[in-house]
Amino acid sequence: MGELRKDYILDRYVIIASERGKRPHQFAKETAQPKCPTPDFFAPGNENMTPPEIMRVENDDPKTKKRWPWKIRVFPNKFMAVKEDGNAEIKTDNQFYTFSDNFGKHEVIVETPDCSKQLWDLDISHIKQVIDVYCRRITEIRKIKGIKYVCIFKNNGKEAGTSIVHSHSQVIAYNKIPEIVRQKVEASKKYPICPYCSLINNEKQSFRRCFENHTFVAFAPYASRFPFEVLILPKAHVKDIVDLDDGQKHDLADIMKNVLLKLKELNAPFNYVIHNAPQGENMHFQIEILPRLTTWAGFEMSGTVINPMPPEDAAKFYRGEE
Ligand SMILES: [Zn+2]
């Protein structure tokens with residue numbers, strides 16, 4: 001039996017086709033992580049192969065400092081989708097042609113000097129430092145006139161859109177609020193209190209629950225579009241990742257590590273996207289983790305997605321019951 005399901009608040013439907021179902025480990029990718037290239041542009045010693053550094057987190061471990069002088073490093077993307085020297089104003093010509101320059105900032109955050117490690121291999125304190133860097137870049141880039149939104153995301157694996165093995169995240173900040181964030185903001189306004197605050201209590205006790213700690217819950221969303229999709233929400237209403245204190249960021253790193261370690265078991269390519277409330281708006285801060293174990297085909301291009309893995313079964317896998 002399957003089901004047609006609607007997203008919690010968005011007007012977005014998926015078909016959960018469990019009769020196509022496979023056991024969780026049948027989704028696993030067999031190929032091991034590809035080897036690091038030579039030269040590895042993101043490695044220590046090759047800093048001159050990237051655009052000029054924006055910031056770094058120094059390595060304070062004397063035992064490894066010589067080999068790895070830094071732990072995290074940020075620089076502009078060599079192949080920028082957007083750049084800061086354009087005009088941010090969006091105009092419309094002749095009714096149908098709306099445009100601006102491709103204005104914004106596009107940066108790379110290298111999460112570790114060690115190419116043999118992925119984010120899921122790093123310890124919680126290191127992942128927390130990556131989150132700190134996200135927050136510092138968001139705070140800094142928001143000051144730029146014309147920037148409407150700072151999007152932080154990660155592509156891991158070829159199917160998730162990157163051929164670069166060395167673990168990294170990206171920042172794209174631009175003159176537009178991403179459509180899905182805008183839809184979440186607008187949909188949230190239709191409820192007397194924040195709908196995410198309301199649904200957390202249900203979901204953290206449901207068959208879709210995955211992990212929980214003091215500050216955060218992670219669950220497989222009711223209308224998941226991807227097998228093993230996870231939504232991470234702070235239990236209290238927080239609008240913005242930069243508003244988290246140190247302990248809360250540690251809890252975020254902890255719950256992300258739990259999810260990522262399970263994805264490692266499947267050798268899963270994945271994306272994640274951080275959804276902050278746009279400046280001046282109200283929306284429950286969240287992280288969508290989107291494993292890319294299936295390929296979207298023709299029907300998905302019509303707007304409705306078929307997901308062959310019921311989120312209730314995905315959650316069992318995350319809880320270690322499968
Ligand atoms: Zn809320």
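In the predicted model, the buried residues of helix α5 are Pro-311, Asp-313, Ala-314, Ala-315, Phe-317 and Tyr-318, a residue being buried if 20 or more other C-beta atoms, placed from the backbone, lie within 10 Å of its own. Helices (H or I, at least four residues) and strands (E, at least two) are DSSP runs, numbered from the N terminus. Because six of the eight residues of α5 (311-318) are buried, this helix is largely enclosed by the rest of the structure. Its buried residues pack against β10 (209-212), β11 (216-219) and α4 (246-265), where contact requires C-beta atoms, placed from the backbone, to lie within 7 Å. Gly-320, with a positive phi near 80 degrees, follows α5.

Residues are numbered from 1 along each chain as its sequence is written. As the model is predicted, local features need pLDDT of at least 70 and side-chain atom pairs count only at pLDDT 80 or more, whereas totals for chains, interfaces and linings use all residues.

An open sheet of three strands has the order β1-β2-β15, with mixed pairing; strands pair if DSSP finds at least two bridges between them. β1 (3-6) and β15 (305-307) stand at the edges, each with a single partner strand, so one side of each is left without a neighbour in the sheet. β1 pairs with β2 (13-16) in the antiparallel sense over four bridges, and Glu-3 has Ile-16 of β2 as its bridge partner.

Helix α1 (124-141) comprises 18 residues and reaches 26 Å from its first C-alpha to its last, close to the 26 Å expected at 1.5 Å a residue; the expected span is 1.5 Å times one less than the number of residues.

Key. A residue is buried if 20 or more other C-beta atoms lie within 10 Å of its own, exposed if 12 or fewer, and partly exposed in between; C-beta atoms are placed from the backbone. Two residues are in contact if their C-beta atoms, placed from the backbone, lie within 7 Å.
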